[in-house]
Amino acid sequence: MKFQLEDITVYFPYDNIYPEQYSYMLELKRALDAKGHCLLEMPTGTGKTIALLSLITSYRLSKPSSPIKLLYCTRTVHEMEKTLAELKLLYNYQLQQFGPGARMLAIGLSSRKNLCVNPNVVSAENRDSVDAGCRKLTASWVRALAIENPNVPTCSFFENYDAADKAGTSTLPAGVYTLQELRMYGKEKGWCPYFLARHMVQQANVVVYSYQYLLDPKVAGIISKEMERECVVVFDEAHNIDNVCIEALSVSVRKQTLEGATRNLSRMSQEIERLKATDAGRLRAEYNRLVEGLAQRLPAQDVWLANPALPDDIMKEAVPGNIRRAEHFLSVLRRFVQYLKGRLDTENVEKEGPVAFVASITTQVGIDQKMLKFCYDRLHSLMLTLEITDTDEFLHVQTICDLATLVGTYSRGFSIIIEPFDERMPHIPDPVLQLTCHDASLAIKPVFERFQSVVITSGTLSPIDLYPRLLNFNPVVSRSFKMSLTRDCICPMVLTRGSDQLPVSTKYDLRSDPGVEKNYGKLLLEMVSVVPDGVVCFFVSYSYMDGIVNSWHESGILKDVMQHKLVFIETQDVVETTLALDNYRRACDSGRGAVFFSVARGKVAEGIDFDRHYGRLVIMFGVPFQYTLSRILLARLEYLRETFQIKEGDFLTFDALRQAAQCVGRVIRSKADYGMMIFADKRYSRHDKRSKLPGWILSHLRDAHLNLSTDMAVYIAKEFLRKMAQPYDKNGALGKKTLLSQEDLENMITGPDGEMLL
């Protein structure tokens with residue numbers, strides 16, 4: 001369908017549109033007109049992605065004088081492929097309606113591991129090995145050698161691409177390319193899809209890639225630094241965006257890291273000795289370049305990773321004299337590694353700020369702040385001079401320089417925490433030094449400043465007013481949308497006690513109470529006997545899940561559950577979990593029914609959908625608070641309180657409830673779907689906890705369902721399932737339609753509270 005939205009024509013590839021999609025587009029358009037940032041919470045399963053893509057691409061077509069580029073960030077490769085598939089559908093519709101003027105180029109960009117087509121390289125087991133395998137064949141010095149000696153292996157795909165690039169013919173025709181299609185195009189042309197995609201990112205109208213490509217300075221410095229200001233950046237499923245920002249600027253160092261770094265340094269010093277004997281001119285040339293403070297212009301295949309500090313904080317001056325010579329720089333790194341070894345050799349927990357840490361390094365080993373600040377760039381330069389290709393072997397020394405540069409650059413918003421052992425296993429010595437970032441706004445600040453509009457959207461952004469404070473920005477639009485439904489297909493319940501009227505909770509004092517474990521087991525057993533198909537259970541942590549499943553096994557509850565449904569469990573091993581999920585789906589498809597045990601904050605809670613019969617009920621056992629004794633968390637809470645005036649309790653509750661909402665939201669993925677959500681913990685009945693759940697869940701949570709025992713919950717579940725079995729009108733009754741046609745949109749008026757009325 002094609003309709004007017006204020007002054008633009010929106011091309012939407014379906015015959016009907018949901019009212020909330022229309023409202024969402026309206027708010028999004030206002031943010032784009034104002035050239036400002038926005039926060040939009042939209043329930044899962046209401047077509048958020050297609051609404052975003054339709055509006056932004058239609059906006060580009062309606063305003064050809066000021067073209068905008070869309071940078072769409074997703075968390076996983078699976079989500080990237082889904083977004084590109086939606087975009088392909090939309091693109092074909094726009095071509096059909098608008099004609100050739102709607103042509104655009106849209107590509108997905110991922111790591112070499114997902115794009116490489118050279119069978120010898122891509123067969124390596126992890127991402128770092130694939131990157132190193134690629135460098136061994138494509139680095140400029142390897143290719144220069146190959147010209148003199150044909151026996152030196154190179155990559156034919158890269159050579160063909162490079163030749164086409166020099167001839168100016170290395171372009172992609174207009175269209176939407178998924179990762180699979182990029183690989184196919186590369187094989188067909190004999191070009192390298194990874195470098196082709198990297199090259200085309202500048203010309204593309206839509207780029208879909210991972211958060212790291214914008215938020216992690218090491219990657220963003222290579223991929224996204226040339227993007228123009230007229231970009232609209234979308235962070236989809238962005239409820240955890242503050243954690244992504246913090247991880248991008250945090251580093252942890254263990255004993256293994258330091259041992260690895262020592263090995264790296266001895267290998268580098270051997271390489272330097274070899275160079276002195278064979279080609280001393282190269283070391284001299286590097287020294288002269290550093291004296292003049294010249295930045296190198298590197299070919300794309302030689303670039304390793306950019307500086308870990310943010311672009312505005314990198315010094316625009318020459319490298320300090322005392323680390324210009326290669327051997328002097330190595331001796332500085334050796335002293336730094338030695339210092340860190342000494343710090344790790346402690347029996348007490350230590351916590352200090354970056355300023356005190358740098359002062360202690362200066363007094364003990366004579367390395368000042370400026371030398372630390374330049375460590376990363378100096379290492380990068382030295383590795384290029386030594387022509388090192390197996391970068392995966394040098395990750396340890398890279399981590400050490402990462403730490404040095406961040407500590408030398410930032411004096412606020414970070415802490416150094418040294419722990420001699422993990423508190424949960426005090427008898428196993430495992431010392432770790434962590435540089436943790438507390439301020440999520442640091443990593444995302446350059447994104448807000450560089451691009452005209454940043455859209456942060458997800459199904460769970462409640463309470464929405466906390467995000468602008470955490471990320472330190474002012475949105476021009478901030479809105480949470482409800483779900484328009486023809487029938488109440490979501491049934492949330494709060495279960496506070498078992499059938500024996502004892503309260504249930506995963507609070508620390510009640511957690512291991514046998515009565516609570518038994519009541520939780522009884523709840524699951526009762527539910528699997530009345531709910532058809534798939535049931536998903538989320539626990540607060542792996543250790544809690546292990547303990548409670550064990551106790552259910554011993555008391556025979558698990559055996560009784562197996563009479564009704566098969567049981568599958570998520571583990572920390574990705575392969576095992578994938579296999580368990582496949583078999584879970586097979587059990588649901590065959591009618592045997594299954595239960596899936598999973599963990600909040602785990603892989604399944606973040607990215608797997610349990611739509612239709614794969615999830616008719618989801619049970620959240622407990623409130624998924626973070627481990628509150630974690631020193632890193634305590635330091636972050638203190639920083640948030642002092643800097644942004646966010647109270648500890650508020651942040652912890654907000655964080656736990658966005659995770660709980662994320663877990664239960666997996667069950668409903670479209671309006672034709674239906675499912676029940678049980679929050680099994682007495683704490684959910686408190687208003688201060690419950691009110692932080694997203695509005696679209698709260699609007700279906702009746703007062704009668706706030707304080708249930710197991711037998712009442714079973715009764716409500718039976719009633720709900722009986723109601724869902726009745727036929728219903730998918731378009732909704734008059735006056736409150738939930739599917740709008742083009743004709744409906746033309747007769748549309750906006751109600752007093754911003755609601756769409758016919």
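**View 1. Gly 366 and the end of helix 17.** Gly 366 follows helix 17 and has a positive phi, near 70 degrees. The model shown here and in the other views is predicted. Helix 17 spans residues 354-365, 12 residues in total. From its first C-alpha to its last, helix 17 reaches 16 Å, close to the 16 Å expected at 1.5 Å a residue.

**View 2. The buried and exposed residues of helix 17.** Pro 354, Phe 357, Val 358, Ser 360, Ile 361 and Val 365 are the buried residues of helix 17. They lie on the same side of the helix, because the arc they cover around the axis is only 160 degrees. Val 355 and Thr 363 are exposed and sit on the face turned away from that buried side. The elements covering the buried residues include helix 16 (326-344), helix 18 and helix 19 (395-409). Strand 10 (350-352), strand 11 (414-421) and strand 12 (429-437) are also among them.

**View 3. Met 383 in helix 18.** Met 383 belongs to helix 18, which runs over residues 369-385. Its relative accessibility is 3%, so Met 383 counts as buried, the cut-off being under 20%. Beyond residues up to four places away in sequence, Met 383 touches Met 268, Trp 304, Ile 388, Thr 391 and Phe 394. The C-alpha atoms of Met 383 and Glu 20 are separated by 53 Å, with the two residues 363 apart along the chain.

**View 4. Thr 653 in helix 28.** Thr 653 is placed in helix 28, residues 648-664. Thr 653 counts as buried because its relative accessibility is 8%. With neighbours within four places in sequence left aside, Thr 653 is in contact with Phe 625, Asp 688, Lys 689 and Lys 692.

Technical notes: Residues numbered from 1 in each chain as written. Predicted model: local features only at pLDDT ≥ 70, side-chain atom pairs only at ≥ 80, totals over all residues. Heavy atoms only, no water. Helix = DSSP H or I, 4+ residues; strand = E, 2+ residues; numbered from the N terminus. Buried < 20%, exposed > 50% of the residue type's maximum accessible area, 1.4 Å probe, protein only. Contact = heavy atoms within 4.5 Å. Expected span 1.5 Å × (residues − 1). Arc of directions from axis to C-beta.
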